[in-house]
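Here are a few friendly notes to read with the model open beside you. Take the points one at a time and find each element on screen as you go.

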Amino acid sequence: MEKEKKSWPPYAPGTHVKESDIREKKLTYTWWEPEVQYSWSLGHAMSKFIQGLKTGKIYGIHCKRCKRVIVPPRMFCEYCFGPTDEWVELKDTGVIETFSISYLDPDARRIEEPILVGVVSIDGASPKHGFMHYFGEMTKDEIKIGMKVKAVWKPENEREGSITDIKYFKPLKGGDD
Amino acid sequence: MKEVAVIGAGMTLFRRHLKETGKELSFMATKMAMEDAGIQKDDIDMVVMGSAPDAFDGIHMKGENLIDGSAATGKPYVRVFNGGGTGVFAPIAGWWHVASGVADVCLVVAEEKMGNVYPHPQTAFRHIWDPVLDRPLNPNLVWLFAMEMNRYMTVHNIKKEDIALVAVKNKRNAVGHPCAQLADPNITVDDVLNSEIMAWPVQRLDVSPPSDGAAALIFCNKDIVHKFTDDPIYVAGTGWSIDSTMWTNRDLYFPRYVAQAAKMAYKKAGIINPPKEIDFAEPYDPFDYKELHHMEGLLLCKKGEAPILTREGVTQRDGDMPICPSGGLLGVGNPIAATMGQKVCELYWQLAGKAGKRQIPGDPRVGVGQAWGDIMQMATVMVLRRG
């Protein structure tokens, strides 16, 4: 019953189609453009967080059992699986944990001026607790992991209750704190 | 629990666009696996389908859409899905169908059509980001990898040259793979380092391509494996683990969830010293640094040591610990769930001595495959062993 040990896969079934075949309609295909919108309730924890941003404040939340100050906040702690405790107003400063210099837009189109983006851990929260955001007032050669940064807020009348109520994080200089 | 053997595997061509529909690709991969195992549709008790986000195909509930091409009509059938982890999670689900004694023969099919979505497959990835925290920032999926890669490089002081060696190795390894999309026998480290910067530190040749493709795998109960082969390959261990979706609340330099999944699989396999007891590995390599990150997560070396082993040639096909002898995702392609073809089918082909030009020299007896997915949180691990 020993089968012949030929090399596998023995062949590669499938028919390669080039992008140009589609553009030039050499491929028989059909097309559909869905139109759909969504509305999401932000829930208990994120509603408070986002409303806080509108007033220029970053809120975390305390889990007393885990001795953890959590940001972004949630109404429960995924470690001890109990409800979280009281709200904590955090600073609007922090540290760059990691970053990227992006030449891609969301559809992978190339852009000229790179976006500086990364994770900021927020001062006053537990270590490594933060969120993703943009960086500004620094060049791609200046940005580095470990850099201290401070939020640059939109003017109050332009804030709409969004993570983008913070425009970006800039380098923290003496006196900014 | 029942012992579970692998008796057949199949895989289609991987390309950015294929003419075939998802059903047709599933049919072709399944037919090849049935040919390998020497079985017919009626011999299959149950079917598992692995396929990643519906947003790529653009067909909601595509598990149902794919049934006819998966030899599943009239049979118990389930689709499993955990993003990029699916390529190894689908075979894990196939294994538990047989290990539990519920099925004697279980077919696993993994399918992906990423080329359907416009303007780019990355457009579909917009839908996986958190709608409150992330989407207003207009993220691109590559950002995630770039941020993780930068953290990993910075913590361990790793040079991009050493990471580029992974892309070179895998694209060269893929030369022996008939399905390969990006095999390149002449690629050099300089080619990788000089390729377009997408989202620094990620450059174009650090990245695997989006692909269409399918793969299939057939498991059977050890009690009947003598009907199909005298030289069976067995599932020695499986493991899976997921971390919090709050990826900005942990240090990205080490994938602790991969280590959790690996420990689970090694415990079942009786593996105490992974680097000594495992002969080769297929860690998930959608980006070149991910192979290194996952070697460390799979406990095949110490933290920060994977780039050194790579530089020393240990991970080459003829090295002491061949890594991604298939050519991986970087060389063969990345139709998300269908990467089962490199991550588990390849283990079987290597252990059965059927890998042809890709065959690892020596006498490999134990291999580990792994996939990774969701928002940097899911790990799936399978260990195969020659009987």
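Which strands does helix 2 of chain A lie across? Keep in mind throughout that this is a predicted model.

1. Let us begin with that question. Helix 2 of chain A lies across strand 1 and strand 3 of chain A. Relative to strand 1 of chain A, the helix runs at about 145°.

2. Now look at the sheet itself. In chain A, three strands form an open sheet in the order 2-1-3, and their pairing is antiparallel. Strand 2 (68-70) and strand 3 (87-90) of chain A are the edge strands, each pairing on one side only. On average, neighbouring strands of this sheet are turned by 40° against each other, direction ignored.

3. Strand 1 (residues 58-63) of chain A is joined to strand 2 of chain A by three bridges, in the antiparallel sense.

4. Next, turn to where the chains meet. The contact takes 50 residues from chain A and 57 residues from chain B. Several elements of chain A each supply at least two residues to its side, including helix 1 (19-23), helix 2 (43-54) and strand 5 (110-122). Strand 4 of chain A gives the most, with eight residues. Sorted by class, the side of chain A that touches chain B has 28 nonpolar, 13 polar and nine charged residues.

5. Ile101(A) has Trp200(B) as its bridge partner in strand 5 of chain B.

6. How do helix 4 (residues 86-99) and helix 14 (residues 340-351) of chain B cross? Their axes come within 8 Å and cross at roughly 45°, so the two helices are oblique to each other. The crossing is right-handed. Helix 4 of chain B makes the contact with Gly87(B), Val88(B), Ala90(B) and Pro91(B), while helix 14 of chain B uses Met340(B), Lys343(B) and Val344(B). These contact residues divide into five nonpolar, one polar and one charged.

7. Finally, is helix 11 (residues 288-297) of chain B mostly covered or uncovered? Mostly covered: 10 of its 10 residues are buried.

Note on methods: Residues are numbered from 1 along each chain as its sequence is written. Chains are lettered from A and ligands numbered from 1 in the order in which they are written. This is a predicted model: local features need pLDDT of at least 70, side-chain atom pairs count only at pLDDT 80 or more; totals for chains, interfaces and linings use all residues. Axes are lines fitted to C-alpha atoms, for helices over the stretch in contact, and angles run from 0 to 180 degrees between N-to-C directions. Helices (H or I, at least four residues) and strands (E, at least two) are DSSP runs, numbered from the N terminus. Angles under 35 degrees count as roughly parallel, over 145 as roughly antiparallel, 65 to 115 as roughly perpendicular and the rest as oblique. A crossing is left-handed if the near helix is turned anticlockwise from the far one by less than a right angle, and right-handed if clockwise. Two residues are in contact if their C-beta atoms, placed from the backbone, lie within 7 Å. Ala, Val, Leu, Ile, Met, Phe, Trp, Tyr, Cys and Pro count as nonpolar, Asp, Glu, Lys and Arg as charged, and the others, Gly among them, as polar. Two strands pair if DSSP finds at least two bridges between them. A residue is buried if 20 or more other C-beta atoms lie within 10 Å of its own, exposed if 12 or fewer, and partly exposed in between; C-beta atoms are placed from the backbone.
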